[in-house]
Amino acid sequence: MNRHVKIGWVAAGLACLAGGSVAAPERPPNLVFILMDDLGIRDLGCYGSTFHRTPHIDRLCAEGLKFTQAYAAGPICSPTRASILTGRYPARLRLTDFIPGRVFADTEVTCPVPAKSIPLKTPSITSELKRAGYASAIFGKWHVGNSPKFNPAAYGFDESFDDGPGLNKESPPEDPKGVFTLTGKAIDFIGRHNDRPFFLFLSHYAVHNPVACNPALRDEYAARADPAAGQNHPGYAAMLDDTDRSIGQLLATIKELGLEENTVVLFFSDNGALEGNTSCAPFRGGKGSLYEGGVRVPLIVRWPGRIPPGGVTDEIVSSVDFLPTFLELAGTAPPPSVLDGKSFAPVLAGKGGMGREAIFWHFPHYYQREYLPCSAVRAGRYKLIHLYGAGRDELYDLEADASELHDLAATMPEKVAELSALLAKWKASVNAQEVAANPAYVPDVVVSGEGSVATESAASFRSAGAQAIVLGAWLKHGKYVANAEIALTGTMALGGSLAG
């Protein structure tokens, strides 16, 4: 299970660590939070990639603690980012979809309308760190407010810069996705605030689409890409390569300024990778799904002299845990308002686990049409996913089946009932918005045997991984009937509408 090296913690380290009272440091540590956009769990060399070159992030990992079971609280960007800033589940904030969201026609269920920003009076990492004397800045993607009223300053940031339309889409080849521009701003901020504690949130647009990269780097990767491999996208690899180099520049500056030993650096991703750009294998799914590939992400934490190098932990943590963790590292008490997260500072200190019962997700939306809206709970080794529209539960033993290939729902009904009750209780506690039946929905036709027609939706069938061999079938869709001689292996789905 967990593997930690004991830390010789100094009294000036963490406050109230693992339930014990420790004097706050004269100067709290600086906090540098590097957030990637759509980076998959297997995209880094230190997490198993043999195609992508990420030497600077790999060194950060070798010098710190690597989490193997860290989760984004949402399978897409805005919900996770809101959870990071507030320590609250997206369902509690009702910010459950990316801003502005997407609506599909002819869906199994009608999705609720999510919030378009974090409520302005919600305590945030920055508003709370400000009480402890921290300077703060965010450079890069914001995406938790849909108007100037909900800008970073409204939530306590002293400085900010977000030029998504420019840096994310039109940046020159020498600075794809603006990674060096953002890093330059971060370095300037550190140089101006190295005499006081600071919180730096470096929020990269990379490696989100559109793919923008240095052409020379892209050609290097193209020359060694294996078309049969899961990770073989030269442009994506080049985009990540430049991002890694920019992070190397930031880490070098922290060292040159003599700040390493009093600076905690955290590296994280807002959700899993977009399928098609890379592969999260052996994990299933990707961005927009609650399978592991959509929500299990890299997390690395380095604090020289406090966290032993080369550590690995399988402690289960969520993005809702960052706010309470940062506040404990800073030696300041959490706000009296509701927090869903728990501090994982004891894990960093090698003081044991967090003792939590479960973590939760609620994503009542369609991101890609093939993934149904769903909610999920992970409690220990078991994970339950409830698929709305299909009316189906899926149960996985993640210790034995991290790839989520073997649905145990039919063979473990008691565990399904237990986790369903836990999920329902949690949803009620956060007042989660629910989906509603769509009376206008016309199911897709799925042929499941000779001359037979099933009226489940094609999305539901694909999610279940169904297969069929069909010969001499007749198909019915609404009032239309077609005869055909068909020989197929795999799932045949007739979707959309017919004219006539």
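Modeller: Gladly, and do keep in mind that this is a predicted model.

Colleague: Then let's start with E260: what makes E260 partly exposed?

Modeller: Its relative accessibility is 22%. Partly exposed covers the range between the buried limit of 20% and the exposed limit of 50%, so E260 counts as partly exposed.

Colleague: And why is the pair E260 and R302 called a salt bridge?

Modeller: The N to O separation of their side chains is 3.6 Å. The cut-off is 4 Å, so E260 and R302 qualify as a salt bridge.

Colleague: Nice. Is R302 buried or exposed?

Modeller: R302 has a relative accessible area of 2%. Buried means under 20%, so R302 is buried.

Colleague: What does the pair tie together?

Modeller: E260 sits in the loop between α8 and β7, while R302 belongs to strand β8, so the bridge links parts that are 42 residues apart in sequence.

Colleague: How do you know that D321 and R356 form a salt bridge?

Modeller: Their closest N and O atoms are 2.8 Å apart, and the limit is 4 Å, so this pair passes too. D321 lies in the loop between β10 and α10 and R356 in the loop between α11 and β11, so parts 35 residues apart in sequence are tied together.

Colleague: Why do you call R356 buried?

Modeller: The value for R356 is 17%, and buried means under 20%, so R356 counts as buried. D321 is buried as well, with a relative accessible area of 0%.

Colleague: What makes D37, R81, K141 and D270 one network?

Modeller: They are joined by salt bridges that share partners. The structure holds 25 salt bridges.

Colleague: Last topic, the nonpolar cores. Which residues touch the most other members of the largest one?

Modeller: L200, L250, F267 and I300, in a core of 47 residues. Helix α8 gives the largest share of this core, nine residues. There is also a second, separate core of 44 residues, with F98, Y382, Y388 and Y396 among them.

Colleague: And what does I300 contact beyond its sequence neighbours within four places?

Modeller: Its contacts include L44, Y47, L60, V265 and F267.

Methods:
Residues numbered from 1 in each chain as written. Predicted model: local features only at pLDDT ≥ 70, side-chain atom pairs only at ≥ 80, totals over all residues. Heavy atoms only, no water. Core = buried A, V, L, I, M, F, W, Y, C linked by side-chain atoms within 4.5 Å. Buried < 20%, exposed > 50% of the residue type's maximum accessible area, 1.4 Å probe, protein only. Helix = DSSP H or I, 4+ residues; strand = E, 2+ residues; numbered from the N terminus. Contact = heavy atoms within 4.5 Å.
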